[in-house]
Amino acid sequence: MEIDEKIIEEIVNEVVKSTKSSGGEVAATGSSAGNLGIFDTMEDAVNAADEAFKKYLHCSFDDRRKFVQAIRDTALDESHLQEMAENTVKETGMGEVHYKLAKNRLAAEQTPGVEDLYTSALNGDDGLTTVEYSPFGVVGSITPTTNPTETIINNSIGMLAAGDTVVFSPHPKAKNVTIKLVQWINEALEKAGAPKNLVCTVSEPSIENTQAMLENKKIRMLVATGGPAIVNKVLSSGKKAIGAGAGNPPAVVDETADIEKAAKDIIDGCSFDNNLPCTSEKEVIAVDSIADFLMFNMKKSGGYELKDPDQIKKLVELTTVDGKSPNKDFVGKSAKYILDKIGINVGDEIKVIFMETEFEHPFVQVEMLMPILPVVRVEDCDKAMELAVIAEHGNRHTAMMHSKNIDRLLKFHKMIQTTIFVKNGPSYAGIGYGGEGHATFTIAGPTGEGLTSAKSFSRIRRCVLCGVGKELL
């Protein structure tokens, strides 16, 4: 039996219509149609986000609020939290599951939404002027391997609250967890009635895809969370850019501090997710008169002190590349794991490896991103503050100080000029974990936006209504 070609064409057309009406998508020739925000090419991802933005412009603030809540809810689903945490550690080989749980929960719960945006108004004889936050459009966001899901949750909430759509270019070593999270977000948004493809990414992250995003004219803003190289690349793109770069946070301890509390705070902050956050304590500079007591209490709080110069040298050779950069094989690894590699066996209670060093030591000067903490002894607090400013390398990221002397705290925070300055607490208090203030995992030191939120991803727009008489106001 022969079937007329016209009949075959009609059947195919009906199947296509049926697929579209049921929520599926059909790829056009030469392009990928996407699967819950996942696209084969960066160009397709950006085009999809651009089309989504045109629709999103017509959504209300209440719609945005509803969509942001949908992201929060799906990120806080217990099964999603557990899967993200376990798979991030498994895929990246960095950090600890219980810390990932805490960080993802923090991002979902304490990232500001539309409440971060407000409109101011001026009225007078000549009319009414409002100044409001307006979206940029499609934002390109580069996310790190150190905090992959946390950054995506954080930026998705902030950017969608601002009225933008977003295309993520994740680190290739966090590809699978990123794709899964973006799909969960899009499923939740679709159920909430949002336009499709508000949040997009590519199926195969790469340097080439990131470059394509930087060059795409439909990307109106770039947000990079990572090391100096990628931040500098984004800042030279010619687009509006937010750079969240590296840090090397010092912790200063003077003789007036509560030393036992300071020791615990320093160990807790340094060990948080095996020192992956750029906010974490990277070196301690302590006044001589309390240095021994501080290190004694650091041991009580989960620190393991290395005193043998040969062991310290072996640790440097193991965990750095010629003492100039961290060995990536040990970034985000536990203190127990690292110590085992130099022949020292310890229990799970050991969270940080510390040792007394000179100020010029590689562990002081290099941001290690692992729970290795040098302690530098100095004669007085003025010298401690002076060296801390040098050790921070002008990143203007994060610094800590433990002191009961208000004048010194004030002096140091003016000297160090960091985006985050924590007084008498662990570093993570600065990102809203055990400290007041909203959370973020995109801390814009180089470009000055600070702890980013929806306002950071918005343009300032003035709307002027003329010809309204004084008597009507």
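## Strand E16 and its neighbours

In E17, Val422 is the bridge partner of Met400. E16 and strand E17 (residues 420–423) run parallel and are joined by 4 bridges; two strands are said to pair if DSSP finds at least two bridges between them. On another pairing, E16 meets strand E9 (residues 250–253), again in the parallel sense, over 3 bridges, with Met401 of E16 as the bridge partner of Val252.

A word on the model before going on: it is predicted, so local features need pLDDT of at least 70 and side-chain atom pairs count only at pLDDT 80 or more, while totals for chains, interfaces and linings use all residues. Residues are numbered from 1 along each chain as its sequence is written, and side-chain values use heavy atoms, with hydrogens and water left out.

## How E16 is covered

Strand E16 (residues 398–402) is largely enclosed by the rest of the structure, because 5 of its 5 residues are buried. Buried here means under 20% relative accessible area, exposed means over 50%, and partly exposed is in between (1.4 Å probe, protein chains only). In a regular strand the side chains alternate between the two faces of the sheet. In E16, Thr398, Met400 and His402 point one way while Ala399 and Met401 point the other way, and all are buried.

E16 also belongs to a right-handed β-α-β unit, together with helix H16 (residues 406–416) and E17. Right-handed means that, with the strands pointing away from the viewer, the path from the first strand over the helix to the second runs clockwise.

What is the count of buried residues among the 5 residues of strand E2 (residues 120–124)? The count is 0, and E2 is hardly covered. E2 pairs with strand E3 (residues 127–135) in the antiparallel sense over 5 bridges. A hairpin of 2 residues joins E2 to E3, and Gly127 in E3 is the bridge partner of Gly124.

## A buried charge without a partner

Asp44 sits in helix H2 (residues 42–56). Asp44 is buried yet has no salt bridge, and the nearest side chain of opposite charge, Lys218, is 9.2 Å away. A salt bridge would need a side-chain nitrogen of Lys or Arg within 4 Å of a carboxyl oxygen of Asp or Glu. For charge, Lys and Arg count as positive and Asp and Glu as negative, while His and the chain ends are not counted.

Asp44 does have a polar contact of 3.0 Å, side chain to side chain, with Thr41. Such a contact is a pair of N or O atoms within 3.5 Å; within protein, one must be able to donate a hydrogen and the other to accept it, and residues adjacent in sequence count only if both atoms are side-chain atoms.

## Cysteines and positive phi

The structure holds 0 disulfides, a disulfide being a pair of cysteine sulfur atoms within 2.5 Å. Cys200 is in none, as the nearest cysteine sulfur, that of Cys59, is 15 Å away; Cys200 is buried at 0% relative accessible area. The sulfur of Cys278 is 13 Å from the closest cysteine sulfur, in Cys270, which is too far for a bond, and Cys278 is partly exposed at 23%.

Asp273 is not a glycine, yet has a positive phi of about 50°. Asp273 lies in the loop between helix H10 (259–271) and strand E10 (283–287) and is buried at 0%. His393, also not a glycine, has a positive phi of about 65°. The loop of His393 runs between helix H15 (381–391) and E16, and His393 is partly exposed at 40%.
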